[in-house]
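These are my notebook entries on a structure that I opened today. I wanted to look up how its parts meet, and I wrote down each thing as I found it.

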Number of protein chains: 2
Amino acid sequence: MPKRVSSQGGDKRNRILRAAIAVFSRKGFFNSKVSEIARASGVADGTIYLYFKNKDDLLISLFEEKMSEVVADVIQRTASGGGALEKLKIFIDNHMDLLEREAGLIEVLQVEIRQSSKFLKDYAPVKFFDYLDVLSGILEEGKRDGVFRQDLNVGVARRVVFGAMDELSRTYILSKKQKFHPSITAGEIFRMLSEGLCAQRA
Amino acid sequence: MPKRVSSQGGDKRNRILRAAIAVFSRKGFFNSKVSEIARASGVADGTIYLYFKNKDDLLISLFEEKMSEVVADVIQRTASGGGALEKLKIFIDNHMDLLEREAGLIEVLQVEIRQSSKFLKDYAPVKFFDYLDVLSGILEEGKRDGVFRQDLNVGVARRVVFGAMDELSRTYILSKKQKFHPSITAGEIFRMLSEGLCAQRA
DNA sequence: CTCCATGGAATGAACCGTAATTCATCCATG
DNA sequence: CATGGATGAATTACGGTTCATTCCATGGAG
């Protein structure tokens, strides 16, 4: 299990991760062969087992490491927003933007990790909760500042927001002929969530 | 491939479908063994192949048939609603209620069908679109009647609504210790979507 | 400067468990 | 006894994982 090779081989682990993202996103975890990932990353089958315990570990590592970056990044970005509403806007924009910047990664996170709890007996996707927590923070702040309704149930609201973004992501990923642009859609989602569907307040 | 057996065995196909739902929902499609489904439905392994082409076909059939019922049922139920807003309420209530009535089924539809497009090369989940179309109909009606904003993008809105419900469903399914009650949550989702998060209209 | 020893990294062919599918056989019914 | 559904053990393919072998960079010795 090489830690970090001084010469040129230092990126081998990353090459494998990148290839895994590509392959998993294309064919799904269960239909992806380790040998394919090996081929795609230009290493031998056995080499993968020098860097990862097994195929499951490859998926988990991928999730943990990449999701960490995503979470750190979105925390950074939203911090620059003035109020809760602006932060929410940034959060949503960022999420939809990821679709273009990291299409394969998002696809894996979206589809494969979801059902991971089914086959990865004990694994809890902590990083995913970190991501949701950022959203909770924004919503709490908005309540505190009177921007959002006082009776907002943050536990439900964070899921509503995430679910909306997530579903649009899926639509984007699955529709071959791109019907819409992520950033434009982000605007629509934001408006819908902040103002609601109704013409008038009841 | 027996169409419909006159004697007692007529329910064999259904027994298999029911068992498949239970097994798939518990362990996921790829980790479910055909022999498990056979055992759970009280038939021999080979018998399954008298009723279904293969394991994939079992999943697809399950989806098509059960989803048809769900769609027909929700069309029926929403039809009784007075206006678009009430129909939307019914739709959301119904969706969350399915979680209790058909927990296993929803879990399969939610998690397994999602990634089906990855491994079922040509299959398009038509019934899923039928379900979304019911939602579109409600939103269109609301726009026509001035209940919903005129500039609502129905294509995006239907996904926002579905995504919100869907994400809460997932939360419900995955959290062992039930933190919330589906029908109460349904109310929160409805309010959030119709009125939005904000305290004031901008 | 050349040669060789050393050890860790990389290789990939072979192993092996698993599970989808088949099919020779059995059995109930009319 | 003929028909056709049902059975489940055997077949077979597949692909994750292993590990004996090879490769290569380094550095010490001659």
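Entry one, the two protein chains. I began with contacts, and I found that 53 residues of chain A touch 53 residues of chain B. I keep in mind throughout that this is a predicted model, and that every value here is computed from it.

I then looked up the area. The size of an interface is often expressed as the accessible area that is lost when the parts come together. Between chain A and chain B, about 4700 Å² is buried, and carbon and sulfur atoms give 58% of that area.

How many salt bridges does the rule find across the interface of chain A and chain B? I noted 6 of them. I looked up the salt bridge between Asp151(A) and Arg191(B), in which the closest N and O atoms are 2.7 Å apart. For polar contacts, I noted 20 residue pairs between chain A and chain B, counting pairs in which both residues have pLDDT of 80 or more.

I also asked which helices of chain A supply at least two residues each to the side that touches chain B. My list has helix 1 (12-27), helix 5 (84-101), helix 6 (103-112), helix 7 (116-119), helix 8 (126-144), helix 9 (154-174) and helix 10 (182-195). Helix 9 of chain A gives the largest share of this side, with 14 residues. Sorted by class, the side of chain A that touches chain B holds 25 nonpolar, 12 polar and 16 charged residues.

Entry two, DNA strand D. The surface near DNA strand D has 7 nonpolar, 5 polar and 4 charged residues. Helix 3 (45-51) of chain A and helix 3 (45-51) of chain B each supply at least two residues of that surface, and helix 3 of chain B gives the most, with 5 residues.

Which part of DNA strand D supplies the atoms within 4 Å of the protein, sugar and phosphate or bases? I noted that 74% of these atoms belong to sugar or phosphate, while the rest belong to bases.

Last, I looked up distances to phosphate oxygens of DNA strand D. For Val34(A), a backbone N or O atom lies 2.7 Å from one. For Tyr51(B), a side-chain N or O atom is 2.9 Å from a phosphate oxygen, and for Lys12(B), a side-chain N or O atom is 3.3 Å from a phosphate oxygen.

Methods:
Residues numbered from 1 in each chain as written. Chains lettered and ligands numbered in written order. Predicted model: local features only at pLDDT ≥ 70, side-chain atom pairs only at ≥ 80, totals over all residues. Heavy atoms only, no water. Near = heavy atom within 4 Å. Polar contact = N/O pair within 3.5 Å; in protein donor to acceptor, adjacent residues only side chain to side chain. Helix = DSSP H or I, 4+ residues; strand = E, 2+ residues; numbered from the N terminus. Nonpolar A, V, L, I, M, F, W, Y, C, P; charged D, E, K, R; others polar. Contact = heavy atoms within 4.5 Å. Buried area = accessible area lost by both parts, 1.4 Å probe. Salt bridge = Lys/Arg side-chain N within 4 Å of Asp/Glu carboxyl O.
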